[in-house]
Amino acid sequence: VLTPLLALGVLTGLIAYFIGLSVFPFETITASPLGRNHLLAATWSLAYWTLILIASWRLGEYAWEGMRRWAMLLLGALGGGLLTVTGALGGHLSGSPSAVSQLFRLFGWEVYTTFYVPDFMLVSIVVSALALATIGFIGARRA
């Protein structure tokens, strides 16, 4: 049941992502620190849940055997956190901030400041993602 629900979630996430880009043109959304933070969080959330969908589809019931079930629970909690950040930032953009933003402030993050990710870090993230995907495909073929 999980895989079809994840597929539905990713599909509706894609729709929401592109609706958001149509409501706030790219030039506008990237002009403010809050907009860039929201776009970054939305992109990460969508990519993350897409990868969880692929893992769930490829592993099937095997994902829920032994310690893997705890890994899936942890991954689900992390994904929920990403969605919370994305939604809280979207609330600020639409003019209705939530109490979650106060929680962010307690942790030292002011939502109106920009995430700073240096170019070398972005490159290393992409290289790492490609390496992990390659390792996964090689491991799947050996199994």
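A: With helices: they are DSSP runs of H or I, at least four residues, numbered from the N terminus, while strands are runs of E, at least two. This is a predicted model, in which local features need pLDDT of at least 70, side-chain atom pairs count only at pLDDT 80 or more, and totals for chains, interfaces and linings use all residues. Residues are numbered from 1 along each chain as its sequence is written, and side-chain values use heavy atoms, with hydrogens and water left out.

Q: Which helices each supply at least two residues of the lining of the largest pocket?

A: A pocket is an open set of points on a 1 Å grid over the protein atoms alone, where a 1.4 Å probe fits, with protein on both sides within 12 Å along at least five of seven lines; lining residues have an atom within 4 Å of a point. Here α3 and α6 (119-142) each meet that mark. α3 gives the most, with eleven residues.

Q: What is the volume of the largest pocket, and which residues are the closest to its centre?

A: Volume is the space filled by probe spheres set on the points, which are joined across faces, edges and corners. The largest pocket holds about 1,000 Å³. Of its 22 lining residues, Leu-51, Ile-52, Ala-129, Leu-132 and Ala-133 are the closest to the centre.

Q: How does its lining split by class?

A: Ala, Val, Leu, Ile, Met, Phe, Trp, Tyr, Cys and Pro count as nonpolar, Asp, Glu, Lys and Arg as charged, and the others, Gly among them, as polar. The lining has 18 nonpolar, three polar and one charged residues.

Q: What about the second largest pocket?

A: Its volume is about 500 Å³. Among the residues closest to its centre are His-38, Ala-42 and Thr-86. α1 (2-23) supplies the largest share of the lining, nine residues. By class, the lining has 14 nonpolar, eight polar and no charged residues.

Q: Why does Thr-86 count as buried?

A: Buried means under 20% relative accessible area, exposed over 50%, partly exposed in between (1.4 Å probe, protein chains only). Thr-86 is buried because its relative accessibility is 12%. Thr-86 sits in helix α4.

Q: Which backbone oxygen does the side chain of Thr-86 reach?

A: A polar contact is a pair of N or O atoms within 3.5 Å; within protein, one must be able to donate a hydrogen and the other to accept it, and residues adjacent in sequence count only if both atoms are side-chain atoms. The side chain of Thr-86 reaches the backbone oxygen of Ala-41 at 3.1 Å.
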